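Student: Could we go through this structure together? I would like to start with what the record says about it.

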Amino acid sequence: MKSSTKSSNKKNSSPWVLLFLDFPFPRSPFTFGEIKDFWVQANNMKSDVKIRRGRSAGRGGNIRKIMKCLCSGEKAAGDDGIPASESPLPVENSASGRSSRTSEINKKPEIGNIEEAESSLRESGSLNYEEARALLGRYEYQKGNIEAALHVFEGIDIAAITSKIMISIGRRGDCPRRRSQSFTTPPMSMHTVSLLLEGIFFKAKSLQALGKFGEAARTCKVILDILESSFPEGLPENFGADCKLQETVTKAAELLPELWKLADASQEAILSYRRALLHLWNLDAGTTARIQKEFAIFLLYRDTRALAGQIEELPPGILQRQERYHALALCYYGAGEDLAALNLLRKVLSSHEDPKSLPPLLMASKICGENCELAEDGTSFAYRALQSLDHGCDQLEGVANCLLGISLSVYSKSAVADSEKSSRQCEAMEAFEAARKKTRMTDPNVLYHSSLQYADERNLDSALHYARKCLKLEGGSNIKTWLLLARILSAQQRYTDSESIINAALDQTGKWDQGELLRTKAKLLIAQDEFKGAIETYSRLLAIFQIRSKNFGSGDKKLQSSTRRLKMEVWHDLALVYIRLLQWHDAEACLSKSKAICSHSASRCHITGMLYEAKGLYKEALKAFMAALDIDPIHVPSLVSSAVAIRHLGHRSHPVVRSFLMDALRLDQTNHGAWYNLGLFYKSEGTKSSLVEAVECFEAAAFLEESAPVEPFR
């Protein structure tokens, strides 16, 4: 539910309920029948106000009379009912043409509340403060007035009523003989206990609806804590069967782990799942099955490291050694511990185990293909997988060929000679082509990496073709495909089309997953010199980071790390925008924000150097660029910028300039800035051969700049 302010919620809330919020509820001498009359009168008035808002003169007085009766214990003279002129009228709804009889339908849940009030009043003779708030809070929650409901529930002193509830249900669980020997009356009836625990449950649901997941979990936990303390051995049979108590317990046991998951508290979620399954809560078979299923899914996808711990604790003989290693490798890979997973897979694939086992071979190739230093091993694992298949399954052959293409593509970047690099790229393209044939163009992963390979080679038409097919096949469910398509369009200088793709992706993506999309949109705006729009987009992205941090806090380490990285990059992007606008102070403020996130960042040092460079301070700029290279020796932008700064300092043909630029091109052959500055270096030498080299460098730079995306394809 979306609500802007508390005042808007109060407008939607029942006016008579709002008056209840700040009144104490002493023991009332009225019978339940009289209170029922007051309640119905108040609701009739409320319905009347909704239908005829113009007639509000008599409303406040009537409510005040009823409230005076409830609080003072006196019945207002001459106020036996609502005047006939104030009764609801059956007017037509202008929007739908339906009769206002819907107001009568809306009264049905209220009658349920009245019946519960009657039940409590029959037993204790009155409706106390906490019971009233539990009833009214549930009423507001069911109407959808979440903030109003929470305001009502917060008036219940949970700490004060906990001991009374425990005493009451503890005596309920005593054996009949012990109960007969006790002459003390429990402080609360079971209906009251059920009502209050249900109120605590709805308070947790209200907090959940408002995004306060941690507080919601702690509130829900109170219910189970009370019952577990009262019945350490488990709930008695048929406990709470005569009221809603068992229903509330069941809902709380199922809700609690879900709340901890939303709060990114993995360990608490696991403990809550185990508690729900191990303690005797008298759960029905369906509820137990749902909890077991969600627990299994959670262990597989939210926290695989915890699942690895469970597997490691299994006694010998439950799993075979190969199966155990493979399962643990999957867990570690899911937790982001790639090298640990790879070491386990190497054990499975050793000569004395099962060197031809297909699943470990495919997984090992996948892990190696994501790491430049392991890409050669990735090709070896993929070739072994293809040999193991021996044309046995087209789909698996397609997967193996795709992994081979990925590893060869990454491996080509480490080649020193151009011929070697070109050869590996050709082999990669052949592997992707084979994968497309084997999978009959039905595997989106194959199409994605085919598009990516074509984009790297600047064959943008083919890249666009496969990116579109991949997006259609996935149904727009994968953010990285949207991003690739937008980047390919930007490389074709089709910025408007690229921005349309990003906007379509944003419409289909949840708020927490929009980070990369918004950053790409901002860069598209910068490419069109729309700096104001870019700054607004970055501000929107930073606001999302702030809300996420406030609502979720620290949770998934992997997610937290990627969020910090993206946030730092956003501050860097903003600093570059302000440098282009010559707003030095704003640029420095952005760099200061970045430093607060990570004090050792090659990218931040590089942008600091660019700020000095824009001011004409080349010595200070060079120091900043060298500081960046101290942090990351292969930081390509700093290699190029260092060469530029040295040239500006008067050393145009210094060998160090050429060394920096050649290192940059070895790491990124598509860097048009490196090619351009290398051309300037050769031109400054002045020889005939160097001028020929300069022309070739300028041609490469021009081609690459014309086909450069706003962000790298990978």
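This is a predicted model: local features need pLDDT of at least 70, side-chain atom pairs count only at pLDDT 80 or more; totals for chains, interfaces and linings use all residues.

Student: Which residues does UniProt list for "repeat: TPR"?

Tutor: UniProt lists residues 602-635 under that name, in an unreviewed entry. In the model, this stretch is 79% helix and 0% strand, and its end C-alpha atoms are 7 Å apart. Helices (H or I, at least four residues) and strands (E, at least two) are DSSP runs, numbered from the N terminus.

Student: How many helices and strands are there in the chain?

Tutor: The chain has 36 helices and zero strands. Of its 714 residues, 47% count as buried. Buried means under 20% relative accessible area, exposed over 50%, and partly exposed in between, with a 1.4 Å probe and protein chains only.

Student: Which residues touch the most other members of the largest nonpolar core?

Tutor: They are Ile165, Ile169, Leu227 and Phe239, in a core of 87 residues. A nonpolar core is a set of buried Ala, Val, Leu, Ile, Met, Phe, Trp, Tyr and Cys residues joined through side-chain atoms within 4.5 Å. Helix α11 (residues 190-209) gives the largest share of this core, ten residues. A second, separate core has 56 residues, including Leu447, Leu483, Leu518 and Tyr538.

Student: What does Leu227 touch?

Tutor: Not counting residues up to four places away in sequence, Leu227 touches Ile169, Leu235, Phe239, Val249 and Trp281. Contact means heavy atoms within 4.5 Å.

Student: At what angle do α12 and α13 pack?

Tutor: Helix α12 (residues 213-230) and helix α13 (residues 245-262) pack at about 145°, and their axes are 9 Å apart. Leu227 of α12 and Val249 of α13 are among the residues that make the contact. By class, the contact has 15 nonpolar, two polar and two charged residues. Here Ala, Val, Leu, Ile, Met, Phe, Trp, Tyr, Cys and Pro count as nonpolar, Asp, Glu, Lys and Arg as charged, and the others, Gly among them, as polar. Axes are lines fitted to C-alpha atoms, for helices over the stretch in contact, and angles run from 0 to 180 degrees between N-to-C directions.

Student: New topic: where does Ser365 lie, and is it buried or exposed?

Tutor: Ser365 is in helix α19 (residues 358-369). Ser365 is buried, with a relative accessible area of 1%. Leaving aside neighbours within four places in sequence, Ser365 is in contact with Gly378, Phe381, Ala382, Leu403 and Ser407.

Student: What about the phi of Arg440?

Tutor: Most residues other than glycine have a negative phi. The phi of Arg440, however, is near 55°, a positive value. Arg440 lies in the loop between α22 (418-439) and α23 (444-456), and Arg440 is exposed, with a relative accessible area of 60%.

Student: And where does Gln493 lie?

Tutor: Gln493 lies in the loop between α25 (479-491) and α26 (495-507). Gln493 has a positive phi of about 65° although it is not a glycine, and Gln493 is partly exposed, with a relative accessible area of 39%.

Conventions: Residues are numbered from 1 along each chain as its sequence is written. Side-chain values use heavy atoms; hydrogens and water are left out. UniProt positions are given in the numbering used here, feature names are shortened, and annotations may be inferred rather than shown by experiment.
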